[in-house]
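User: I would like to go through this model carefully, one question at a time. Please give the cut-offs behind each term as it comes up.

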Amino acid sequence: MDDKKIDELINQALQEEQALPEGLSRRLEQQIDAWAAETEQKARSFARRHTLYWLSGAAASALLCIGIFHYEASYRDDGRLTDTYTNPRDAAAATEKAFLLLSQNLNKGISQVDNAGQEINKINNILNKHLND
């Protein structure tokens with residue numbers, strides 16, 4: 001086929017009125033309406049979600065502020081130290097007991113350090129003996 005024949009066929013096809021299939025226009029309108037409704041529904045869902053996030057953030061902030069205020073109010077000190085014992089003899093006995101416990105634990109730790117020091121000295125003596133030979 002040559003170019004003139006192709007041009008004639010194209011012109012002939014363009015001049016003929018093309019008829020749309022029956023119901024195509026209605027189906028296209030329905031599909032476009034369905035897409036529009038879906039888009040609108042997604043927009044409403046996004047708006048609801050955005051509002052929910054904003055409200056939950058505001059509620060969390062409010063709870064945090066209330067919690068900090070409550071914590072500060074419950075542990076606020078008026079600047080004075082208060083005694084835990086009203087009887088001085090009980091206070092002295094409790095202090096003596098605490099110092100005794102501290103002393104016992106400190107002595108355990110010191111004895112372990114002494115044992116470790118003795119082991120290190122033994123190892124150093126052995127190494128020095130073998131290195132000097």
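User: How far apart are the mean positions of the positive and negative charges of the chain?

Analyst: This is a predicted model, in which local features need pLDDT of at least 70 and side-chain atom pairs count only at pLDDT 80 or more, while totals for chains, interfaces and linings use all residues. Residues are numbered from 1 along each chain as its sequence is written, and side-chain values use heavy atoms, with hydrogens and water left out. Lys and Arg count as positive and Asp and Glu as negative, with His and the chain ends not counted, and each charge is placed at NZ of Lys, CZ of Arg, CG of Asp or CD of Glu. For the 15 positive and 20 negative charges of the chain, the separation of the mean positions is 11 Å.

User: What pattern does the chain follow when read along the sequence?

Analyst: Helices (H or I, at least four residues) and strands (E, at least two) are taken as DSSP runs, numbered from the N terminus. The chain has three helices and zero strands, and its pattern along the sequence is α-α-α.

User: What radius of gyration does the chain have?

Analyst: The radius is taken over C-alpha atoms, and the globule rule is 2.2 Å times the number of residues to the power 0.38. The C-alpha trace spans about 115 × 70 × 25 Å along its principal axes. A compact globule of 133 residues would have a value near 14 Å, whereas the chain has 46 Å.

User: What share of the 133 residues is buried?

Analyst: Buried means under 20% relative accessible area, exposed over 50%, and partly exposed in between, with a 1.4 Å probe and protein chains only. By that scale K42 is exposed at 55%, while E38 is partly exposed at 40%. Over the 133 residues of the chain, the buried share is 0%.

User: Which residue forms a salt bridge with E40?

Analyst: A salt bridge is a side-chain nitrogen of Lys or Arg within 4 Å of a carboxyl oxygen of Asp or Glu, and the count by this rule is three. With the closest N and O atoms 3.3 Å apart, the partner of E40 is R44.
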